[in-house]
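Please prepare a short briefing on the structure shown below.

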Amino acid sequence: MVPPGKKPAGETSNSNKKCKRYFNEHWKEEFTWLEFDYERKLMFCVECRQALVKNKHGKAENAFTVGTDNFQRHALLRHVTSGAHRQALAVNREQLAFETRVHGHPELRSVIKVEVNPAKVAVLTTVYWMAKEEIADEKCSSLLDFQKFNLCQALLASEHSEYYHPGSIREMQAAIAKVLHNEDRHRIKASPFVGLVVDETVDVLEHRSLAMFTTTVSPCNGQTSATFLGSFELPTGEASTVAGKVGEVMRSFGIPTMKITWFSADSASLVAERLSGVGTTLTSLCPLLTEVHCLSHGSSLLPAESIVSIEYLQKYETTVDAVYRLYSSFRGESNSLQELRSVLDLCGIDLGSPKAIHWTSIFPAVEAIDSSWPTLVLLLESEAEQSPVAHGLCEELKKFQFVAFTKILLDVLPIFQKLSRFFQIEDFDLSILKPIVSATATTLQAQKSTSGQNLQEFLNEMNEHPQDDRDGESRLYYKGVELANCSKVHLKHFERLKESYLESVRGNLLDRFPSSVLEAISSFSAIFNPKCYPQSLEDIGSYGVSELNFLLQAYSRVVVSERALSDFPLFKRIVFSLSQLSFKDLCVKLVYSNSEMHELFPDFAVLAAIALALPLGSVLAEKISRGRELLKRGRSRRVKDEGLSDLMKIAIDGPAINEFDFALAIEYYESMRESSFIMAQVK
């Protein structure tokens with residue numbers, strides 16, 4: 001037994017420290033389980049005292065059951081994340097659920113002690129772990145047998161009722177996902193504003209589905225979260241279909257329309273639909289909504305669909321596709337041809353998939369074609385007599401336009417690669433977004449009149465030889481290979497192709513980052529990024545006024561403009577003194593509900609929360625990418641998408657296995673099974 005006021009080994013008290021600490025009443029608001037004994041000057045955990053769960057040493061006491069005078073916030077944070085506290089919450093929740101079930105039978109309360117059945121937990125932890133590790137459902141039975149073979153006491157010691165068998169794995173996954181979605185609803189409810197990300201996928205049968213994510217902000221600590229809401233089938237239709245599905249999901253998760261401040265469609269086809277009215281429809285529902293390209297997922301910055309209108313691109317991609325299918329499995333000694341195989345592995349390209357591969361958007365693939373071009377031409381020439389396919393490919397690869405267009409791609413694709421890398425940075429400096437997009441657009445514009453480096457080097461390296469039998473034409477050689485279609489007519493045609501391609505790419509970039517969005521993000525950065533402020537305090541007088549006015553006008557429904565303008569001079573002076581903070585750090589300080597800045601500058605706290613909800617960061621990028629992979633693999637395993645969204649939810653958002661509330665999942669699962677049983681009896 002630990003004496004009152006003392007702590008078990010490993011948890012020290014601060015009572016002997018020179019700096020005496022005192023209990024903070026505000027802690028009770030943040031930690032609802034906290035209780036303070038004013039006579040004994042000790043604080044306790046109500047949940048742990050009620051549950052008295054034994055720890056791994058067989059003892060039920062901890063610092064917060066016997067009382068502690070360690071009046072430090074980090075001690076409370078340590079406790080709330082401890083295994084003992086989480087287990088106490090699970091036991092109390094199970095007890096409450098049991099009391100609800102036996103409400104009409106008070107005599108049972110004194111007889112039955114509710115505990116979480118270890119066998120049930122063992123089955124659900126297995127199902128949970130399988131989902132996290134992407135193990136097929138049909139392996140559940142063998143994994144349970146394997147655990148019994150390894151003498152898993154929970155599975156050997158007791159029966160776990162007829163409900164808990166591998167045939168019910170889908171229902172167990174649904175119960176686990178329900179626990180996670182309940183947490184999502186609490187997170188969304190607490191968040192002052194929400195960002196929505198919609199990622200469209202299309203399978204080989206042209207079935208469309210939407211994977212939806214949210215970005216939320218916690219007022220308790222100002223930290224942001226990226227959450228997967230689910231994957232939803234989408235019937236064929238227009239923009240209103242997408243908007244309707246988004247609205248339906250918003251209602252199911254209880255997201256108020258006034259909370260939605262950002263909407264990002266992370267799909268090339270959705271971007272096309274956006275122009276047809278998705279954004280307009282959603283904006284009419286959500287008055288604070290701003291559409292942005294998903295900054296976290298840069299791989300779609302240059303979608304091939306944006307340039308489909310250029311006829312030659314389709315021909316170019318058909319040629320490159322044929323080359324990869326013909327020589328990616330080449331077993332010869334040529335290193336350059338082996339590079340083709342490496343590209344497929346590096347980029348995860350599946351040539352067996354019936355879906356079209358947009359080679360003009362894949363920089364490593366274009367790079368490999370360029371480096372292996374002389375070898376490919378020689379090899380195709382040697383096979384041309386026996387193979388009509390090889391002959392046709394050889395003729396196409398030797399054309400001036402093919403080689404020159406490859407060089408254009410080598411100049412353009414790295415620009416977008418660099419742009420994408422910026423967006424992958426976790427604490428991305430928003431102040432550079434507008435200059436980066438502007439510089440990229442300027443570079444693309446300049447390449448229309450002045451060729452890029454790779455194209456210029458190609459033009460300089462070509463050797464010209466007079467053509468005796470044709471007036472006005474020359475024979476052009478590149479790396480020892482004579483190029484075809486080099487007449488003045490062909491060269492003029494290529495110039496038109498270059499201009500139309502570069503203009504299309506530039507236009508697509510500006511469509512994804514319209515000036516209004518860039519202005520909004522730039523304004524947020526100007527106000528909330530201390531590093532953007534003038535170096536001298538004397539120069540901050542007029543700084544940021546126009547940017548603040550822009551934001552106050554855009555979000556006039558949720559801020560008091562007069563108050564914000566009045567507070568701005570003092571706000572700027574304080575931000576100036578916090579020059580060591582980043583954009584995100586300052587916003588977190590403002591959003592944190594117990595901070596002084598939150599109370600001093602309520603309108604700036606609102607704007608900071610909107611800024612933090614912006615869909616941004618590597619965590620969101622990883623979740624979007626994981627969702628695509630899981631959807632692709634899941635569809636190949638399952639005939640239908642039934643239950644796939646639940647499986648994806650667990651894999652993407654499920655916490656570490658020791659942090660999940662299996663007691664609540666058991667409660668949900670048994671309730672679902674009982675409901676199914678009753679419905680079956682009624683029928």
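**Briefing on the predicted model**

The chain has an average pLDDT of 81, and 80% of the residues score at least 70; pLDDT is the predictor's confidence in each residue, from 0 to 100. This is a predicted model, in which local features need pLDDT of at least 70 and side-chain atom pairs count only at pLDDT 80 or more, while totals for chains, interfaces and linings use all residues. Residues are numbered from 1 along each chain as its sequence is written, and side-chain values use heavy atoms, with hydrogens and water left out.

**Confidence**

- Over residues 1–18 the pLDDT stays under 50, and the model has 34 contacts beyond four places in sequence for this stretch; a contact means heavy atoms within 4.5 Å.
- Residues 102–114 also form a stretch where pLDDT stays under 50, with eight contacts beyond four places in sequence.

**Overall fold**

- The chain contains 28 helices and 10 strands; these are DSSP runs numbered from the N terminus, with helices being H or I of at least four residues and strands E of at least two.
- Of the 683 residues in the chain, 49% are buried; buried means under 20% relative accessible area, exposed over 50%, and partly exposed in between, with a 1.4 Å probe and protein chains only.
- Among contacts between residues at least 6 apart in sequence, 72% join residues at least 24 apart.

**Nonpolar cores**

- The largest nonpolar core has 109 residues, and F528 and F571 have the most contacts inside it; such a core is a set of buried Ala, Val, Leu, Ile, Met, Phe, Trp, Tyr and Cys residues joined through side-chain atoms within 4.5 Å.
- Helix α16 gives the most to this core, with 14 residues.
- Another core lies apart from it and has 41 residues, including L143, M648, A665 and Y669.
- When neighbours within four places in sequence are left aside, the contacts of F528 are F571, S582, F583, L586, C587, L590, F604, L607 and A608.

**Cavities**

- The model has two cavities of 30 Å³ or more. On a 1 Å grid over the protein atoms alone, a cavity is a set of points where a 1.4 Å probe fits but cannot get out, and lining residues have an atom within 4 Å of a point. Grid points are joined across faces, edges and corners, and a volume is the space filled by probe spheres set on the points.
- The largest cavity has a volume of about 40 Å³, and its lining consists of I369, D370, W373, F402, V403, T406 and Y478.
- Helices α14 (363–383) and α16 (400–424) each supply at least two residues of this lining.
- The lining comprises five nonpolar residues, one polar and one charged; Ala, Val, Leu, Ile, Met, Phe, Trp, Tyr, Cys and Pro count as nonpolar, Asp, Glu, Lys and Arg as charged, and the others, Gly among them, as polar.

**Individual residues**

- Most residues other than glycine have a negative phi.
- K41, which is not a glycine, has a positive phi of about 60°. K41 lies in the loop between β1 (34–37) and β2 (42–45) and counts as partly exposed because its relative accessibility is 48%.
- L151 likewise has a positive phi, near 60°. L151 is in the loop between α7 (140–149) and α8 (153–157) and is exposed, with a relative accessible area of 57%.
- L620 belongs to helix α26 (residues 618–637) and is buried, at 1% relative accessible area. L620 and F228 are 392 residues apart in sequence, with their C-alpha atoms 9.3 Å apart in space.

Definitions and conventions
1 Å grid on protein atoms, 1.4 Å probe; cavity = no way out; pocket = protein on both sides within 12 Å on 5 of 7 lines; lining within 4 Å.
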